[in-house]
Amino acid sequence: MTDAYRFDESSTEKAIAYAKIYAGTNYSPAMETVLKVAFSEKRNLPTFRLKSSDTILLSGYMKKWVGAYLAGYNNRPSVRTGNCSGTHPDPMAKTILRARISGLEDNLADKIVARHSLLMTIENNIGELLEEYLSVKLSPLGWYCCWGSTIDAVDFCKADGSLLQIKTSDNSENSSSSRVRQGTPIGKWFRRFSRRPGVYNWESLNRMLGRPGYVSESDFRAFAEKTIAANPACIYIAANHLLNRP
């Protein structure tokens, strides 16, 4: 979040005009809604590492904004191809594991570490699958996804200015997003209770939407399974991964 930027051109209509140029055929009513809401409270515009003390060229800013929106939209799980992580497991994890579990075979220790790394990748994808699921379910109700973090610390918005932040768990909010929400009318919803196994929070979202039973954990799981089955490449698993070996 930044203090309100000073643009060389200040009208939302100008921002829309630039967005239409940069987005071309990808411009949509959903993008326009997010854009209008973003510019209605400039404090919540993404910074793109620009200094708020300088006068910003609106044309250049909108090129970055549209690029961020489309990058987020085009990287949703149903269409993207996952990449190999550049982070390798710390070898110390295997050393500690074998020290803690006496007699653990070297090959099995390698597989446990590899499984943990893969599960971490999958857990990171849960939030993205949740975002896409909600974008499908909520857009008919007038809630649009702020793809690419095009409104700072906000995941969904409505044309009337309503804002919503979503999290996969009640303990997953970071300090930055909490700071942004303080003193601003940004709603918050989380999917599951981290300390209550098997307990989910969908009904609070249904009450917020005024649609009892509209979204649910079973429906989300069905969406995730269908999405992964249709595009398994969205989660990268190397052909020679240890889990594929005997």
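Q: In which helix do Lys36 and Glu32 lie, and how many residues apart are they?
A: The model is a predicted one, and in it Lys36 and Glu32 both lie in helix H2, four residues apart, which is about one turn of the helix.

Q: What makes the contact of Lys36 and Glu32 a salt bridge?
A: The N to O distance between the two side chains is 3.3 Å, and the definition asks for a side-chain nitrogen of Lys or Arg within 4 Å of a carboxyl oxygen of Asp or Glu, so the pair of Lys36 and Glu32 qualifies as a salt bridge.

Q: Why is Lys36 called partly exposed?
A: Lys36 has a relative accessible area of 42%, and because buried means under 20% and exposed means over 50%, Lys36 falls in between and is called partly exposed.

Q: How do you know what span is expected of helix H2, and what span does the helix reach?
A: Helix H2, residues 29–40, has 12 residues and reaches 16 Å from its first C-alpha to its last, which is close to the 16 Å expected at 1.5 Å a residue.

Q: Which residues of H2 are buried, and against what do the buried residues pack?
A: Ala30, Met31, Thr33, Val34, Leu35, Val37, Ala38 and Phe39 are the buried ones, and the buried residues of H2 pack against helices H1 (12–23) and H3 (58–73) as well as strands S1 (6–7), S3, S4 (156–157) and S5.

Q: Which residues have the most contacts inside the largest nonpolar core, and what does Trp65 touch?
A: The largest nonpolar core has 50 residues, and those with the most contacts inside it are Phe39, Tyr61, Met62, Trp65, Leu134, Ile151 and Trp202. Leaving aside neighbours within four places in sequence, Trp65 is in contact with Met31, Val34, Leu35, Ala38, Pro46, Phe48 and Thr150.

Q: Why is Asn125 called buried?
A: Asn125 has a relative accessible area of 7%, and since the cut-off for buried is under 20%, the word applies to Asn125. Asn125 has its place in helix H5, residues 106–138, and, not counting residues up to four places away in sequence, Asn125 touches Arg80, Cys234 and Ile235.

Q: What is the order of the strands in the open sheet, and why do S3 and S6 count as edges?
A: The open sheet has four strands in the order S3-S4-S5-S6, with mixed pairing. Strand S3 (144–145) and strand S6 (186–192) each have a single partner strand, so one side of each is left without a neighbour in the sheet.

Q: How many bridges join S5 to S6?
A: Six bridges join strand S5, residues 163–169, to S6, and the two run parallel; Gln165, for example, has Lys188 in S6 as its bridge partner.

Q: What makes the phi of Ser149 and of Ala153 worth a remark?
A: Most residues other than glycine have a negative phi. Ser149 is not a glycine, although its phi is positive at about 55°, and Ala153, not a glycine either, has a positive phi of about 60°. Ser149 has its place in the loop between S3 and S4, and Ala153 lies in the loop between S3 and S4.

Q: What distance makes the pair of Asp219 and Lys137 a salt bridge, and where do the two residues lie?
A: Their side chains meet at 3.4 Å, N to O, and because the limit is 4 Å, the pair of Asp219 and Lys137 is a salt bridge. The pair links distant parts of the chain, with Asp219 in helix H8 (residues 217–230) and Lys137 in helix H5, 82 residues apart.

Methods:
Residues are numbered from 1 along each chain as its sequence is written. This is a predicted model: local features need pLDDT of at least 70, side-chain atom pairs count only at pLDDT 80 or more; totals for chains, interfaces and linings use all residues. Side-chain values use heavy atoms; hydrogens and water are left out. Two strands pair if DSSP finds at least two bridges between them. The expected span of a helix is 1.5 Å times one less than its number of residues. Buried means under 20% relative accessible area, exposed over 50%, partly exposed in between (1.4 Å probe, protein chains only). Contact means heavy atoms within 4.5 Å. A nonpolar core is a set of buried Ala, Val, Leu, Ile, Met, Phe, Trp, Tyr and Cys residues joined through side-chain atoms within 4.5 Å.
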